[in-house]
Amino acid sequence: MTATLEPPAPTTTMTVPARVRDRAQRDPQRVALREKDFGIWQEVTWAQYWDHVLDVAHGLLALGVAPGDRVAIHSENRPEWLYADLATCAVRAITMGLYPTNPAAEVSYLLSNSGSKILVAEDQEQVDKALAVAGELPDLERIVYVEPRGIRHRYDDPRLLSWDDFLVLGRRHRADHPATVEERMNSAAPDDVMTLIYTSGTTGPPKGAMLTNANVEFAIKALVTEGGFYNPPPGPDDITLSYLPLCHVAERIATVWVNAQAGTTVHFAESIETVQQNLREVQPTLFFAVPRIWEKIHAGIQIRMASASLVKRLNYALWIRVAGRIGDAMVRNGGRPTAQTRVLYGLGYPFLFRSLRDRVGLRKCRAAGSGAAPIAPEILQWFFGIGVPIYEIYGMTENSAVATVNRPGRVKLGTVGEPQPGTELRIDSETGEILTRNPAVFAGYWRNADATRRTLEPDGWLHTGDVGVWVDGTHVKITDRMKDIIITAGGKNVSPSEIENAIKASPYVKEAVVIGDRRPYLTALIGIELDTVGDWAQRRRLPYTTYRDLADKPEVRKLVQGVVDGVNSRVASAEQIKKFTMLPKELDHEDGELTATQKVKRAAITDMFAGLVDGMYGGGRSASGRPAGTAP
Amino acid sequence: MTALLTDRGGRGSRPRGRPELYTSYSSDIALLNTPAKRAGVLAIVAAAFALPFAVSDQVLVLLGTGLAMSVGAIGLNIVTGYAGQVSLGHAFFVGLGAYTAAVLSGDPDGRLVGFGLPMVVWLPAAGLVAGAAGLLVAPLATRLRGLYLAIVTLGLVFLGEHVFREWDSVTGGPGVGRDAVQASLFGNSLTAGGAVLSGAQKVYLFALVVLIAAAVPARNLARSGVGRAFAAVRDRDIAAEVIGVSLTKAKLLAFTISSFYAGICGALLYTITRTVEPNSFNLLLSVRFIAMVLIGGAATISGSIMGAMFVTLLPRFTQQVPRFVPFIGQGVTGGGLLTNVELEAMLYGLLIIAFLIFEPRGLFGVWLRVRNYWKGWPFSY
């Protein structure tokens, strides 16, 4: 690929791969991607990026991929994910991503429901999952594996094809039919479905949301160009870290679409375990995280400070108090710094804020976002205080994540912000459900007309399934998922997620599930954060063996009781947690308690721990023989 | 040399302000791999070059001696710190270097043997002769280790002392000695005072340049495959052999390089002190070098320099002590409970014990602690 000064061939429809092609022509030697491999960050320039996409696209053509065919990608975040995604889009096929943590049963469902023709699997682990259910997948023609270790010379399934052989196939096809991919790209239509994104499905099996080129184009305009995702809008000098699953719409925006539109440099984290380390190395200027990550960073700082030396603890205590004041003042000022906060921040910068942000990898972070789940306002305010303003964004797969956002200077904590430009939003007066309408609203669920009818009105309004209210007529506050609203036996409507988030704001609590639908009072199942509570126990010389053992300690119960009491004192009596029980295990995706995006499957939990729940409602002793906690 | 000092190798294009984001191996293993290190080293070197214009000649001579000793300490650290081979014979190699330089540079018409050769000949020759001697001794090290090696190298010192004492035509004999090295560069004497610089200033700068030229390759050696082989031999010689490190080659190399540095140190040292006395290359000198390595920090180059400067400057401080402490007398003949010379000897012992117990990594370890304290800020780990 060499640089040419000729203008790019005109296309009728702008697409994500077309953006990468144009940038590769304009700026071929600039670095587009970096991936840490063998200890150093290997670089991929824009020219190499596009060259790879072309090879893969030709490879797909050589395998007979026709417009509208589905190509599944089952991999951690890595450049090959992007090559496969863009190549699929370039040949007008449909990308379908799977979570690396999906167990074989879900892989089977997703591949057969989407009718995927090609599967790009990262390694032996993912190939095994597909092969285990390969008999049920008549549509699956080829499995392309990226890492040959454990597969090459061992597996002899005729459908297997290594990534290298696949590229050779593509290059041969490219030499024989050089312009075919370009022709396919030029014939792209706005209504082409570009990707299937399966919603996490806290109830029932996942549904595949179809996003078209037009949806994505609107999303890119609203979220990237106009700063709806990162504000101020990203540019070529920005640096990002890709670590959340790419099959989720939020990370797809943050990694693929932001990168293609704005020319940022994407860094791929080695794995989810090394995110903290990679963050420090990369020091991204833009950072999007789900609440769980923000909570983890916050809790991690508390743990490490607790074991710091005296002088450092005093220094931290002093300046974090100042940070609290800064955060408070900024929140009251709509997220804007005031003259006073600027002075205070400047004073604290050399003592704490600079080094603290450097250590957690947010020193260069100029725009941060949180989304995909509700976050506790306390956490946001804390990060405002240390100089990392996080803007909460609201959206869902079905509207390509374009709904509302908190904009700098107009932040209202506890709300998800104002509707994005070009987005209509109304709240149903009867049910309180939020409805949105904009060109990013999806084309429907894949092969599921019933669900589409229930969600999408004929005139384009999307039922979000979230209940919300207007705040001051401009901002939207989400109360809860519609189906999660609890109506107690006393007839009170209670939103569990608000209470849960208040409890989870404590660094000691990882999971909280509030129960009380058609019950006389509210109760909760609470899971502790093993890291922080373990550290807490160690400092108190409290011996423990396993998670379960630690959770059962009376001292830990007392600790959690304190957290629950704190929350109870702030809410109305109908919303108070009367009793709680500790979860005996860490919730897990594999065991069906969490979705792939780590959201709690409420129904599954209440079924699985029915004994514990009944124990809190006068069933005497709980199933496991432990007495339920009682709040005063 | 610039390739060693900068991280411009490879196609590294790391974004600004991200010192830990390495895009090529050469930048990862660069000696000065962060901007802070580059700035720090630059500041220290600049300060070292500015020093002669700020302090008195007397202090400069002392500092110059420290710089010369640093070269020798680096040498001992290579064989003892990096490769783990205890050597008590370092003084012998220093003596070899000193006499080689003195003979080659000496007055051809003088009382003793001399050839009147220029510095470009005698300085490398001092290193090479000592290095060759090291190469001859090294086979002993390949057969022995630990205590046995220490005893054998101890024998070397006594052997050397005897030869130096008896070979009058070269050394001038005990109690008499001979004129030391005649150093000149392009006809300008490096030791006599001139129009611009005094003799002490010149000799200090000369020692500084030689030290930098010696320290950088040594530091580079430590991070290379050879350096890693040394460390493997030190940590467990059998394991090193199993992973393919040739013990013979590693030990041979360690002794040769170490002795080469000792030779350079000897030549440099007696450029500064002006006379060579055969009795000075005794066990005490070897022990002083070991003290430098232990106090400075084993297996570190900057630690060797710190240790050498510390040990060299220590007498200067103990000389001041009698003024403030009444029961410590001045000089050998001074009254009081202790003399400052005795105090100095005791301090050596105390310092070595204290460092081994409290900070086995020496002064370098102290520096590491200080650095990590601030590096970890606001956390403790």
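The model is predicted, and local features need pLDDT of at least 70, side-chain atom pairs count only at pLDDT 80 or more, and totals for chains, interfaces and linings use all residues. Residues are numbered from 1 along each chain as its sequence is written, while chains are lettered from A and ligands numbered from 1 in the order in which they are written.

**Stop 1: chains A and B**

Select both chains. Their contact takes 22 residues from chain A and 15 residues from chain B; two residues are in contact if their C-beta atoms, placed from the backbone, lie within 7 Å. On chain A, at least two residues each come from strand 2 (40-45), helix 10 (275-282), helix 11 (291-306), helix 12 (310-332) and helix 13 (339-360). Helices (H or I, at least four residues) and strands (E, at least two) are DSSP runs, numbered from the N terminus. Helix 13 of chain A gives the most to this side, with four residues.

**Stop 2: domains 2 and 3 of chain A**

Next, select domain 2 (273-482) and domain 3 (485-630) of chain A; the bounds come from an automatic or database domain assignment. Their C-alpha centres lie 25 Å apart. Each of these two domains of chain A supplies 17 residues to the contact. On the side of domain 2, helix 11 of chain A gives the most, with seven residues.

**Stop 3: A:A189**

Finally, select A:A189, in the loop between helix 7 (180-186) and strand 8 (193-198) of chain A. Is A:A189 buried or exposed? A:A189 is exposed because 12 other C-beta atoms lie within 10 Å (buried means 20 or more, exposed 12 or fewer, partly exposed in between, with C-beta atoms placed from the backbone). The C-alpha atoms of A:A189 and A:T13 are separated by 6.0 Å, although the two are 176 residues apart along the chain.
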